[in-house]
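Visitor: I would like to learn how to read a sheet and the helices around it. Please show me the case.

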Amino acid sequence: MQERGYIHQCSDLPGLDEKARSGSLAGYIGFDCTAPSLHVGSLVQIMMLHWLQETGGKPVVLMGGGTTMVGDPSGKDESRKLLTVEAIEANKAGVRKAFSHFIRFGEGKHDAIMPDNAEWLARLNYIEFLRDVGRHFSVNRMLAMDSVKLRLGREHELSFLEFNYMCLQAYDFTELYKRYGVTLQMGGSDQWGNIITGIDLGRRMGLEQFYALTSPLITTAGGAKMGKTAAGAVWLDETLLSAYEYWQFWRNVEDDDVGRFLRLFTLLPIDEIRRLESLQGVEINEAKKALANETTALLHGYEAAQSAAATARKTFEEGALAENLPTVEAPGAEFDQGLGVLTAFVRAGLVASTGEARRQIRGGGLRVNDAAVTDEKALITREALQTGGVVKLSLGRKKHVLLKAV
């Protein structure tokens, strides 16, 4: 994990290595259910669980059905929106989907499990929790935590509900130890304080030595946060983002990110990664295609990755109309009357508004069937429809959507 760049901080690296060598290392990462799916910003943590299992450990994927009701204040200037139990359950079902592609679940010693902290948090007696667990927490230390200090320093409100989040996360650690023998908690670097609080709680409760391991915050070479693009989140659920769009996200990463992302997000051997990252000039595209193929195959399967690569090849290298491009339907009657070009691009999701479409036209950024749009009042009629009743809309050179008459 160190060789591939996953480690930012560790509470006791020699001790953790010794525990791993014993063959009895169980480690967990918690995932709150705040959205209908995870996005690539969570992929480092998922890959850490993968490598834990591949090297003889037991991965525990903790669903935060209970902690989502509170909301993690880490890295936030305001309270997270409180979700209903029904919304949390719906999100939990979506979040679960991605993991089976990366780790193996089952009943064996090293098979992954997926408990939900609502199993114990929802049943807590408040007075008993305060007496048995709460007495081990120092308010002085809690106030010094970054998640608290940053909010208070900016004079942004921190609710008592959120202030309790680190207590619940620490309690999760002790409960997972008692139930499943978990002694390692992993997470992003912003979780360091919360994880250390769990280690301290375990020590005060007389439990076995716990360990913390965090990954660095992953940003692109341009400084952008991983998982977010101008078009929105890069979801790990195909119903929210197609395999082709996922492939394109990785194909279009910056040159300086290729080697690092190959280490973090693929299973390729290090020697092969070194060869790919050494490529220069136009040859770096070979490495980018390898990154796109490997990441897409991991999440969506080999056939989906090959199909996405073929679609891209037809679209960009051969100039052909690839039927596997993202498709948006529009009533056929609109083409009979003439569909406004501004409306068409908004409908396709390539621009957020007609105002943005106008700006793109002035900059030469919009194309219909590969022809530049120069008139913002232009209409798309049935004459523009190609085989299959589709018209190809393009934003720049890399974003394409088929608008299909139905």
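**Reading a sheet and a helix**

Guide: The buried residues of H12 are in contact (heavy atoms within 4.5 Å) with helix H2 (43-54), helix H11 (243-251), helix H13 (270-277) and helix H14 (284-300). This is a predicted model, where local features need pLDDT of at least 70, side-chain atom pairs count only at pLDDT 80 or more, and totals for chains, interfaces and linings use all residues. Residues are numbered from 1 along each chain as its sequence is written, and side-chain values use heavy atoms, with hydrogens and water left out.

Visitor: How many residues of helix H12 are buried?

Guide: Buried means under 20% relative accessible area, exposed over 50%, and partly exposed in between (1.4 Å probe, protein chains only). Helices (H or I, at least four residues) and strands (E, at least two) are DSSP runs, numbered from the N terminus. In H12 (residues 258-265), seven of the eight residues are buried, among them Phe 261 and Arg 263.

Visitor: What is the strand order of the open sheet?

Guide: Strands of a sheet pair through backbone hydrogen bonds, either parallel or antiparallel. Here the order is S1-S5-S4-S2-S3, with mixed pairing; two strands pair if DSSP finds at least two bridges between them. The edge strands, S1 (9-10) and S3 (58-64), each pair on one side only.

Visitor: Which way do the residues of S3 point?

Guide: In a regular strand the side chains alternate between the two faces of the sheet. Lys 58, Val 60, Leu 62 and Gly 64 point one way from S3, Pro 59, Val 61 and Met 63 the other way, and all are buried. S3 runs parallel to S2 (residues 26-32), joined by seven bridges, and Asp 32 stands opposite Gly 64.
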